[in-house]
Amino acid sequence: MNLSAFKKVTIIADDAMETYLIEEIKALGARGYTIEEAKGEGLHGASITDFQGRNIKIATIVSANTAEMILEMIKDKYLSQFSVIVYMSDVYVIRGERFM
Amino acid sequence: MNLSAFKKVTIIADDAMETYLIEEIKALGARGYTIEEAKGEGLHGASITDFQGRNIKIATIVSANTAEMILEMIKDKYLSQFSVIVYMSDVYVIRGERFM
Amino acid sequence: MNLSAFKKVTIIADDAMETYLIEEIKALGARGYTIEEAKGEGLHGASITDFQGRNIKIATIVSANTAEMILEMIKDKYLSQFSVIVYMSDVYVIRGERFM
């Protein structure tokens, strides 16, 4: 079976940031995404903070290049000011051209 | 610690397909699964389409062989006709025999 | 871009176990976590069992060392007696010191 290696970028944030984050990742090349509700306790800057409100988990499968641009964007615009978690992982998909 | 390498297959689809997809993955050897609600914007065939309805995310941890069969099944039966996203990733579990 | 390799540990369990599991993973060094609702059919001991009640999926990003301790704890305290699924995967994060 012919699989292609892609990156999944996952962003956990306050639900108030949903519209902004979706616009940003689409502008950087994401062709699709899913949003799930989550709650949690997390990191704010260097220290732990409770964010017990409504949070969302956005996930998008993108090329390595787009993944890097999304991570840079989160780092530059969000990571110092907001309770945001972002991580990248490896995934394998069928018909990779659909994600580019 | 003795961990075993397995595959996680994740399928995102319209919630109307839940029963069919669960039957299919169990027939191919999946011994368990989780279902979560998700919303999103995604891919339909080669072009982008909005699927703003209720979607589900099905995840199952299986052997590499079962993972490949599930991916083939999704490709052959669903991928061209339905708004379905499927991807595979590597996971490590305790007591791998429980997943076989 | 400077990324750090970490482990994501995911635990799927009955929602009644939420408080205990969160306490355990924090005691072992987890600095944050997310909780999502899930339903599923799964594994109980060696045999398949339906757990159609309310389930939760807890995910935490931790060092390899903490990941191993969490897996050991789940194996020793929960895996034989409860319907629990646990798995580990590789993730890459920005500013890894926030997760240590």
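Which residue of chain A forms a salt bridge with E41(B), and how far apart are the closest N and O atoms?

Guide: The residue is K26(A), and the closest N and O atoms of this salt bridge with E41(B) are 2.8 Å apart. A salt bridge here is a side-chain nitrogen of Lys or Arg within 4 Å of a carboxyl oxygen of Asp or Glu. This is a predicted model, in which local features need pLDDT of at least 70 and side-chain atom pairs count only at pLDDT 80 or more, while totals for chains, interfaces and linings use all residues. Residues are numbered from 1 along each chain as its sequence is written, chains are lettered from A and ligands numbered from 1 in the order in which they are written, and side-chain values use heavy atoms, with hydrogens and water left out.

Between chain A and chain B the count is three salt bridges. Across this interface there are also eight residue pairs in polar contact, both residues being at pLDDT 80 or more; such a contact is a pair of N or O atoms within 3.5 Å, where within protein one must be able to donate a hydrogen and the other to accept it, and residues adjacent in sequence count only if both atoms are side-chain atoms.

On the side of chain A that touches chain B, at least two residues each come from β1 (3-14), α1 (18-27), β2 (33-44), β4 (55-62) and β5 (85-94). Helices (H or I, at least four residues) and strands (E, at least two) are DSSP runs, numbered from the N terminus. The most is given by β5(A), with five residues.

β5(A) is joined by two bridges to strand β4 (residues 85-94) of chain B, and the two run antiparallel; strands pair if DSSP finds at least two bridges between them. Y92(A) has M88(B) in β4(B) as its bridge partner.

As for the extent of the interface, 21 residues of chain A are in contact with 27 residues of chain B, contact meaning heavy atoms within 4.5 Å. The buried area is about 2200 Å², with carbon and sulfur atoms giving 55% of it; this is the accessible area (1.4 Å probe) that two parts lose on being put together, summed over both. In chain A, the residues that lose the most area to chain B are M1(A), R31(A) and R98(A), together 30% of what that side buries.
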